[in-house]
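The following paragraphs describe how two protein chains meet. Please read them alongside the sequence and the coordinates.

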2 protein chains.
Amino acid sequence: VSFGARVNPTKVRGVTVHRLDYVQDLRGDLSVGEFERDIPFPVRRYFIVFDVPSEKVRGQHAHRECHQFLICVKGRCSVVADDGVVRQEFLLDSPATGLYLPPMTWATQYRYSPDAALLVFASHYYDAADYIRDHAEFVSAALQVSQDR
Amino acid sequence: VSFGARVNPTKVRGVTVHRLDYVQDLRGDLSVGEFERDIPFPVRRYFIVFDVPSEKVRGQHAHRECHQFLICVKGRCSVVADDGVVRQEFLLDSPATGLYLPPMTWATQYRYSPDAALLVFASHYYDAADYIRDHAEFVSAALQVSQDR
């Protein structure tokens, strides 16, 4: 993945890597982003994950409707994104890097550094019915999405 | 300030302290909030401030139109909020604590711990014209707002 442009395509359907504004200053560092501009959807919910033991794996699900945007604002972690056919791993190690995951993307996060803080923006409020937690079910549903397009 | 309720009033006009969901789990800790529900306005922009030297003071301005919501998601910092008549200091030392600053609130942040990460949600995109950077001008404008209400 090249980080030359503001928005960079990946091998995984719809997944993009974004370069965000990050300002280092004697008065402190600033990471900043605007919704519907830098983050490509209106945001209704945020969550932050931290103090994840390094051996733990998080995620391992897809969302039917919800868009997500991931920024590791402290430390680093790795994300595997999977469209049902192709998967790709991304290292998030800078507050200047954002990873956009469209709906129907299976995602797994792991290899959190001890100081890691992963900020996630979501397009929808929490809804348990939006989760697909079985990978075989996901692959089948993703195939259907591809055929419908 | 009592933290018993979800939303707690303060001495400063319109400023409220919010208790947010914060889940501690063996797989990592989760701080979560929903816009227009937990955070009392639609959010268009976020920024995170970190690596602020402990002797530095940030903020020292008010916004004419922009609402802000501050969460210190790592470490701690202090915020002084001022409505032009009354000022109050708040210690933000938990991802479960949010501080809502309505428009026309003068705010100063200081005493950042070395590991502090201050997450701010804003109701408006960045606009230099929205800032009041002179305290005397702010007090005069805030008095006008009070009289108009």
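Buried area is the accessible area, taken with a 1.4 Å probe, that two parts lose on being put together, summed over both. Between chain A and chain B about 3400 Å² is buried, 55% of it on carbon and sulfur atoms. Arg27(A), Tyr46(A) and Phe50(A) supply 22% of the area that chain A buries against chain B, more than any other three residues.

This is a predicted model, in which local features need pLDDT of at least 70 and side-chain atom pairs count only at pLDDT 80 or more, whereas totals for chains, interfaces and linings use all residues. Residues are numbered from 1 along each chain as its sequence is written, chains are lettered from A in the order in which they are written, and side-chain values use heavy atoms, with hydrogens and water left out.

In terms of contact (heavy atoms within 4.5 Å), 37 residues of chain A meet 37 residues of chain B.

Strand pairing also joins the chains. Strands are DSSP runs of E, at least two residues long, numbered from the N terminus, and two of them pair if DSSP finds at least two bridges between them. Strand β5(A) pairs with β4 (residues 29–34) of chain B in the antiparallel sense, over 6 bridges. Within this pairing, Phe50(A) has Asp29(B) as its bridge partner.

Charged side chains contribute as well. With a salt bridge defined as a side-chain nitrogen of Lys or Arg within 4 Å of a carboxyl oxygen of Asp or Glu, the interface holds 2 salt bridges. Lys74(A) and Asp51(B) form a salt bridge, at 3.6 Å from N to O.

How values were computed
Helix = DSSP H or I, 4+ residues; strand = E, 2+ residues; numbered from the N terminus.
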